[in-house]
Structures are given as C-alpha cells and as structure tokens.
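Welcome! Please take a moment to look over the sequence and the 3D structure below, and then we can walk through a few of its features together.

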Amino acid sequence: MKLTSYWLDTSTPFASGARGPVEGTCDVAVIGGGLTGSSAALALAKKGARVVLLEAETIGNAASGRNGGHCNNGFAQDYATLAGRLGPELANTLYRAFDAGVDTVERLVREEAIDCNFARVGKIKLAAKPEHYDKLARSQELLAASVDPDTAMVSRADLHAEVGSERYHGGLIYRKSAALHVGRFVRGLAEAAARRGVAIHERTAMTSLTAAPGGGHLVGTRKGTVRAKQVLLASGISQAGPLGWVRRRIVPVGAFLIVTEPLPVDVLDRLTPRRRNGTDTKNLVNYFRTTPDNRLLFGGRARFAVSNPASDAKSGAILRAALHDVFPELKTVRIDYCWGGMVDMTRDRLPRAGERDGIYYSMGYSGHGTQMSTLMGTIMAEVMDGRAELNPWADFAWPAIPGHVGPPWFLPLVGAYYRLKDRFQ
C-alpha cells in the first residue's frame, strides 16, 4: 500500500518550471501552485500580465492534488438551512457560483486540451439516517423551485439503481456535478500557464512580503526577491511565509482517502451503476467515486487530525472499516493507496476572497474546492484588473477564530463534538 496520493502518483509531474533565481519585476506574483494559483496565473497571462508563481513544494502537492476528485455543484451545507441564514437571493447567487465553477473547469479542460477524464457523472448525496432523507427532500423541493431543477430525489426502494449498498435511506441527485483526474488537471493548468509565459518556481516558498518603495510589493524567497505590482495569496493552509493573518482565520483539517486495487467492471456495475460521485449526510462525512482505471476511491473526515504518514495510516484503517460497512463485498479487496491532505476550513465552511492592505487572496474552500478554487482563480484575475463586483464572496466578513493561535489544538474536541452529532442527529 502506497502512502501517497493516487492522483499525484498517476499523473505526469509538472515539467516546465522556471530555472535560475527569483529576481526582477512582474505585474503579479501568485503565491501557491494549486488550482487557485494555477488558474489565476493562466487567466492573468491571457490578459497580457507578466506573472511569477511561487510554490513552496511542487505543483498540486497540497489539497489540489490530494482530494477526492469530485467536481460537484451545490453546497456542502444543507441548502434550506443556508438559504434560511443568508436569505434566498444570496444563497441562490452563491449556489450559481458553484455551478459556474463546474462550468469553468469543463471550459478550461476543453480550451487547454487537458487529458484528465472530465465527465458530468452527477453526484448523489446519500441519507445516512431516515430523517436525513426527509431533510434532503425539503431542500430538493426548494432547489428545484428556485435555483436547480436538475436535481431529483431517489427513494430507498429505488436506490439500487444508483448505489449497491444497504447502508443508506435514499438520496438527492445533483446532475450537473462532474468527476475528473485532479492530478492531471492541476498539473495541466500549470503547464498551460507556463506555455503562456508564467514563470513558475517550485520549491520556492515566500519568506517575506513587504511594501516596495514607490509602490508595489517585494516578495522574498531563499532564491531571491521579485518586485510585483500586485500579489495574490492562493496559499490555502500553507505554513510557509508571513501568513499569520490568514492562519488565524483558517483551520487546517485532515481529509483522508483510500483507493482499492482495480476492480472487475461487473463489481463496479453493482456498486456504482451510474458511476456518480457519492457523499453522505454525516458530519464526519464519507464519500466515494470510481477512478479512470476502475478502482474505488473512498474518503472522509476519518479523524480530526493533521496529515502525516502515521496519521494517514491510522485514518486509513478507519476508512477501510467504513468502506466495508458501506460495501461489504469489498472486504477481501486489496487497498493500494492511502493518503491524507489538509483542508482549509473556515468557521462557516464558505470561501473567502478579497483584498487586504493591497494584498489579494482567495482560499477557505472547506473541502468543496476543485470547482470553486478554479473559478476563483479566474475571477481574481478579473478582480485584480478592476472588476471587484465579480467576486461573490466580497461582502463576507472574515474575523479571526478565537483562541486559534499556532497549531489547531482544538481539533480532537471538534471531532468528538461531530461524532456525538452523528450519533444523535
């Protein structure tokens, strides 16, 4: 079993990095080489900007290459609950932004000829308890009436046509959702940006960020300093560099995944007849999908812990037990991959993007980021070009999380809280 991301292990590493020192001037310095940074760099370069992208590790090494490969529309939260809190008009605007995110991924795949197995397979959100089905049905009724008629409910009696499991009590289908090989996608975006002249420096962490005399910003690294007219932080939960303001507002939460050995097609036809992305309604969520080479990926918030090899292995054992609970016929199947990644979670599980002290930022996708991070990279390119009204998250306040200074000491308490909620709700 490999303790590495399936997506990164089965995609070609980025090969068009800049050589030599970091120096000179540019129009925009982008900090972070995931989906936000790569899509922003590409969009900015298309506008004629001179762009330098600095990545502390390698392209796609963090959340962008370590997720479940879902490209889903809709919220992570219950639509009816969010509409009640934000109001229907704002909730629908944000919902359409997630739709636009999936559309943006599809457009970039087509325009840049990125071979990443993009397919509109749809998503099914599965009711973990009977009462969860009723809640999903209420949300679907509102969705269909106001913002997404391409949704539908599936009763438990009919669920066998969608999922070969007795574990669930029906589900809600989102037909616009898609799946893709996210490793090939993020690396393909970076290659497309490099072809348009973006200087991409891997293993080049930002170490300082200061105002430049006469305007602009000085971005320091161990390889040198670049002077940029504008800076975009697309850094997620990065612990590198002077990002204390961001770190006090984001909780890095581990997400963990396992992938089986390749499975016979007839087995997959029983387990996932329509090959949809699957996710359930628990707080400690589980999700699954098939891979392009006929494996089953199964992931979730197995533990509220950081990701490292020992932690990933512990979480993998928990996920294996959950996999067997959902799909008992896979009890004897070999697990070939197990890995973890850190999700940039905000308090309300909604992204944040904007500008502070002349520095632009977009992050906090909270486990729902493949589509939104790609969309926000392209939008932030427009925002930095004077189109601030295009930012759907511009009016969201982003206060610091009380008591969150340094490592997230409170994660075990949060995990215990959500385990109790899953037990009694």
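Does R203 count as buried or exposed? R203 counts as exposed because its relative accessibility is 55%; buried means under 20% relative accessible area, exposed over 50%, and partly exposed in between, with a 1.4 Å probe and protein chains only.

Before going on, a word on the source: this is a predicted model, in which local features need pLDDT of at least 70, side-chain atom pairs count only at pLDDT 80 or more, and totals for chains, interfaces and linings use all residues. Residues are numbered from 1 along each chain as its sequence is written, and side-chain values use heavy atoms, with hydrogens and water left out.

R203 sits in the loop that joins β8 (199-201) and β9 (208-211). Helices (H or I, at least four residues) and strands (E, at least two) are DSSP runs, numbered from the N terminus. Leaving out residues up to four places away in sequence, R203 touches E55, A56, E57, T58 and K223, where contact means heavy atoms within 4.5 Å.

For D99, look in helix α4. D99 counts as buried because its relative accessibility is 10%. Apart from neighbours within four places in sequence, D99 is in contact with N73 and K176.

Each of these residues can also be paired with another one along the chain:

| C-alpha pair | Separation along the chain | Distance |
|---|---|---|
| R203 and L172 | 31 residues | 42 Å |
| D99 and T210 | 111 residues | 37 Å |

**The nonpolar cores**

A nonpolar core is a set of buried Ala, Val, Leu, Ile, Met, Phe, Trp, Tyr and Cys residues joined through side-chain atoms within 4.5 Å. The largest one has 80 residues, and F118, F185 and I200 touch the most other members. Helix α4 (residues 88-111) gives the most to this core, with nine residues. Not counting residues up to four places away in sequence, I200 touches F14, G17, A18, L53, I59, A190, A193 and A194. A second, separate core has 25 residues, including Y168, V326, F327 and L330.

**Where α3 meets α4**

Helix α3 (residues 79-86) and α4 have axes that come within 7 Å and cross at roughly 125 degrees. That makes α3 oblique to α4. On the α3 side, Y79, A83 and L86 take part, meeting P88, L90, A91, N92, L94 and Y95 in α4. The residues of this contact divide into eight nonpolar, one polar and no charged.

Notes: Axes fitted to C-alpha atoms, helices over the stretch in contact; angles between N-to-C directions. Parallel < 35°, antiparallel > 145°, perpendicular 65-115°, else oblique. Nonpolar A, V, L, I, M, F, W, Y, C, P; charged D, E, K, R; others polar.
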